[in-house]
Amino acid sequence: MELPAHADTLTGTVVAVADGDTITVLDANHEQYKVRLAGIDAPEKAQPFGQNSKQSMSTLVFGKEVDVQWHKHDRYRRIIGKVMVASPDCRTSHCPKTLDAGLAQITVGLAWWYRQYAKEQSPEDAGRYEFAEHEAKAKHAGLWSDPHPVPPWDWRKGEH
């Protein structure tokens, strides 16, 4: 699938974190949007590292303003998007949103790069996500400390 020429941007505050790859964003008009992070699949809550993944996402984005760059909805009518947030190191209220929350989850070993949807990412993002996953694996970070981590797409089918 080709990316559309333009993507929409949703700006708002994260008011809920369902798990390591799904959040709720409240916009300036007080409308809530469920957002599924593009390019990643995090462990389900009942899976090993599922709670760690949710906690990591909460630390990254909960209560913070984010920009969601998106171009489609999934079958559950969630926005699928890249979530950008200010770096946690920034101590002022005017920080640029330069941290890709999905990439951060992969980097610490709390999400898989969702190869099945790589064509929906820019080639640059796909490359960064793939590299981050290789690095996390090599470091045995997070879920990669398990000798046989089960990807969530297999877990959901009951293959565990």
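Predicted model: local features only at pLDDT ≥ 70, side-chain atom pairs only at ≥ 80, totals over all residues.
The largest pocket has a volume of about 610 Å³. Its lining comprises 27 residues. R36, D74, R78, Y114 and Y117 lie nearest the pocket centre. Several strands contribute to the lining: β1 (8-19), β3 (32-37), β4 (40-41) and β5 (65-73) each supply at least two residues. By class, 11 lining residues are nonpolar, 5 are polar and 11 are charged.

The structure contains 4 aromatic pairs. One of them joins Y114 and Y117, with ring centres 4.9 Å apart. Their planes meet at 85°, above the 60-degree cut-off, so the pair is edge-to-face. Y114 is buried because its relative accessible area, 11%, falls under 20%. Y117, at 31%, is partly exposed.

Y114 also pairs with W153. Here the ring centres are 5.2 Å apart. W153 is partly exposed, with 25% relative accessibility. Ring pairs link W112, Y114, Y117, W144 and W153 into a cluster.

H148 is located in the loop between α3 (123-139) and α4 (152-155). Its relative accessibility is 66%, over the 50% limit, so H148 counts as exposed. The C-alpha atoms of H148 and V25 are separated by 34 Å. Along the chain, H148 and V25 are 123 residues apart.

Methods:
Residues numbered from 1 in each chain as written. Heavy atoms only, no water. Helix = DSSP H or I, 4+ residues; strand = E, 2+ residues; numbered from the N terminus. Buried < 20%, exposed > 50% of the residue type's maximum accessible area, 1.4 Å probe, protein only. 1 Å grid on protein atoms, 1.4 Å probe; cavity = no way out; pocket = protein on both sides within 12 Å on 5 of 7 lines; lining within 4 Å. Points joined across faces, edges and corners; volume = space filled by probe spheres on them. Nonpolar A, V, L, I, M, F, W, Y, C, P; charged D, E, K, R; others polar. Phe/Tyr/Trp six-rings, centres within 6.5 Å; stacked < 30°, edge-to-face > 60°.
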